[in-house]
Amino acid sequence: MSNQRKRNFQIEAFKHRVVIDPKYADKTWKILEHAIHEIYNHNASGLSFEELYRNAYNMVLHKFGEKLYSGLVATMTGHLKEIAKSVEAAQGGSFLEELNRKWNDHNKALQMIRDILMYMDRTYIPSTQKTPVHELGLNLWREIVIYSNQIRNRLLNTLLELVHSERTGDVIDRGIMRNITKMLVDLGPSVYVHEFELHFLHVSAEFYRVESQKFIECCDCGDYLKKAERRLNEEIDRVSHYLDPRTEKKITNVVEKEMIENHMLRLIHMENSGLVHMFSDDKYDDLGRMYNLFRRVPDGLSKIREVMTEHIKETGKQLVNDPERLKDPVEFVQRLLDEKDKYDKIINFAFNNDKSFQNALNSSFEYFINLNPRSPEFISLFVDDKLRKGLKGVSEDDVEVTLDKVMMLFRYLQEKDVFEKYYKQHLAKRLLSGKTVSDDAERSLIVKLKTECGYQFTSKLEGMFTDMKTSQDTMQGFYASHPELVDGPTLTVQVLTTGSWPTQSSVTCNLPAEMSALCEKFRSYYLGTHTGRRLSWQTNMGTADLKATFGKGQKHELNVSTYQMCVLMLFNNADRLSYKEIEQATEIPASDLKRCLQSLALVKGRNVLRKEPMSKDVGEDDAFFVNDKFSSKLYKVKIGTVVAQKESEPEKQETRQRVEEDRKPQIEAAIVRIMKSRKQLDHNNLIAEVTKQLQSRFLANPTEVKKRIESLIERDFLERDENDRKLYRYLA
Amino acid sequence: MRKEDTVKLISAEGFEFVVDKEAAMVSQTIHNMLTSPGSFAERQHGEVTFPEISTTILEKICQYFYWHLQFASGKETEFPIEPELTLELMMAANYLHT
């Protein structure tokens, strides 16, 4: 800034000479102070912004920033003190309004002041690290107005009272509430938190503690949940209308804690309306509500899950152990399916399809289904029933649905091989008696089993279907080569591959002469076409159609089993036969014969034979006659055997034993497979791996596995380590 | 051009420049003048007097306002400033917060 420069002269000219005036600063400040007063008095319209700005600009430029700033603080403080007084003086309800109006005024004034003092804000304040005008205004407001002794508590109490009266149902001016809370937030988050939020949360907690206590004493669980839900929504609504959004989480936490978490167990176990009650009454709405509310609190869902698991296990246990239910396997399985449907629906509708609940459901079902060792048999019987008759007139889709459901139960079974055993037996009966309704359904189920358990599981079942098909062709070939047989009795033979079909004790009975002749012809035909095979007759599985003429000349066609046919044929040559005579002539095993005679003589409407004496059971000394009085509206009469649908106790034992026997090679195979790849393994790991490998078929019994290991050691497949007796080595 | 959309800027010597508000508001100071709550005289009358800015400088400033708008909308041209105006212009710019 040397004077020698020509340009400097012009700069001098631009400067205000008033600088030299010692009273310049005071004068200028007076103008600004006056302006600030005018602004607070709503009298700003006559003021020139440019003039004020220029004055403030010049004051800062001429190093009077300090004076300007302190003057501002003093003037503003003065005004705020007056404002505080007028707010303090406001009566009752107008308190908040007055506060709000003054706050708006102050805000507006502050904005104007900041605008005219902008140059100071821009240059002087940053360089001296003072508080910017706007913030200064807020700070002063906070210190002088809000923290005023007579305002501070009154403000808080007024706000809390308003919230309380809204909670108890009154309508309040939400607009003013919003403005006031917004003011507190604008004054800094900590102001909002300390002046309002903390107290608000505290009071709310108190309020809900009392209220929830009251509700829980007098409401049932469903009502209580409804109330809690409503309260929760109210609070969320309140926050969205006039509180800081950050409060939402906190206040909902308070409500959740006071209304739900503290009463969780009591709610769940509430008598006559708790969780268990909701399950039994299918209260989807209440369950959904409970799920949504409990989800909000820690451990809420796990509590529900625990109770649900417990409940399902308990009811399931009762179901599978109820001796009444065990009488009817179809009903039994239907009940299981219904139960599953019920909980599926609940989880779907009320529990948001929560995976953890589905898992809990699955494990509960797995638990109780396997409690009853007869479950595999019953499930197979259920399928049997469906495939025999249940699916008639049902659309294909529905069939699929039913089968899928059965597969779901099947998945729960631990002893899948037992199911396979029974399924094989039942399938065999269905195929041989031609009772199966839909080939498609049968195959579809096999495909499902195959996807579930692999090729091995179903190969034999598929073999059974193939046998049926081949037999048809064989029969056509047989009749083609024996045209002379068309007139006599017809024989249909199903040739079954041994191994694919469930092994039957092949006790042959004496067939009537007509039949044995035919059988011989077939045998020679079959062995003629297939060398090196052996045929044995399974007379216990066949059926026959008989044409019979009764006493009054009425004719009927009787559809009977092979055994029944043998018995009935005897009456072609005799009127009266004793039990002993029948037994001798047919050589049918006693239990089968009894059953067969029972169905011929004792079933009402189907009693083609007459028994003496007329007792309910067939005894060894009974005698049988053709029932001449037999009559039926139908020409074709179907005489079912009194089928032992469920297995009798000894049969069950036998099946069980067969299953155990079948498991042995499978366990051994698994052991060898594992040892072959591992070379050496200790006992516990080996057992674990074997169990894992066999899981898809059955649950291996560790003692049994141990026995198999020992047997393999004896047969030199494995050896024990010399030093560590628990370690096995594979011997190649 | 509607009156509400313009503002009259008056120099120390009393010359009047009528410019678009949009252009004038390139200056933060003028922007505050015209938008500050409450109603200052400038906002009511739509005119601002600058007793400390000479006509030459104010004219240059008005040119600058329009140049700035163009520049901001992507038209990059030079803004010529005569060397003898530089200093005064800078002071005015500081005042106007431009």
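Two strands count as paired here if DSSP finds at least two bridges between them. Helices (H or I, at least four residues) and strands (E, at least two) are simply DSSP runs, numbered from the N terminus. The model is predicted, so local features need pLDDT of at least 70 and side-chain atom pairs count only at pLDDT 80 or more, while totals for chains, interfaces and linings use all residues. Residues are numbered from 1 along each chain as its sequence is written, chains are lettered from A and ligands numbered from 1 in the order in which they are written, and side-chain values use heavy atoms, with hydrogens and water left out.

Chain B comes up here for its sheet. Three of its strands make an open sheet in the order 2-1-3, and the pairing is mixed. Strand 2 (16-20) and strand 3 (47-49) of chain B sit at the edges, each pairing on one side only. From one strand to the next, the twist averages 25 degrees (angles run from 0 to 180 degrees between N-to-C directions, and axes are lines fitted to C-alpha atoms, for helices over the stretch in contact). Strand 1 (residues 6-10) of chain B pairs with strand 3 of chain B in the parallel sense, over three bridges. Within strand 3 of chain B, B:T49 is the bridge partner of B:I10. Helix 4 (residues 55-72) of chain B packs on this sheet and touches strand 1 and strand 2 of chain B, where touching, or contact, means heavy atoms within 4.5 Å. The direction of this helix makes about 10 degrees with that of strand 2 of chain B.

Over in chain A, there is an open sheet of three strands too, with the order 1-2-6 and mixed pairing. Strand 1 and strand 6 of chain A stand at the edges with a single partner strand each, so one side of each has no neighbour in the sheet. Ignoring direction, neighbouring strands of this sheet are turned by 25 degrees against each other on average. Helix 26 (residues 562-570) of chain A packs on the sheet, touching strand 1 and strand 2 of chain A, and its direction makes about 130 degrees with that of strand 2 of chain A.

Strand 2 (residues 555-561) of chain A is mostly covered, with five of its seven residues buried (under 20% relative accessible area; exposed is over 50%, partly exposed in between, using a 1.4 Å probe and protein chains only).

A:E668, in helix 29 (residues 649-678) of chain A, is buried as well, with a relative accessible area of 13%. Apart from its neighbours within four places in sequence, A:E668 is in contact with A:R708, A:S711, A:L712 and A:R715.
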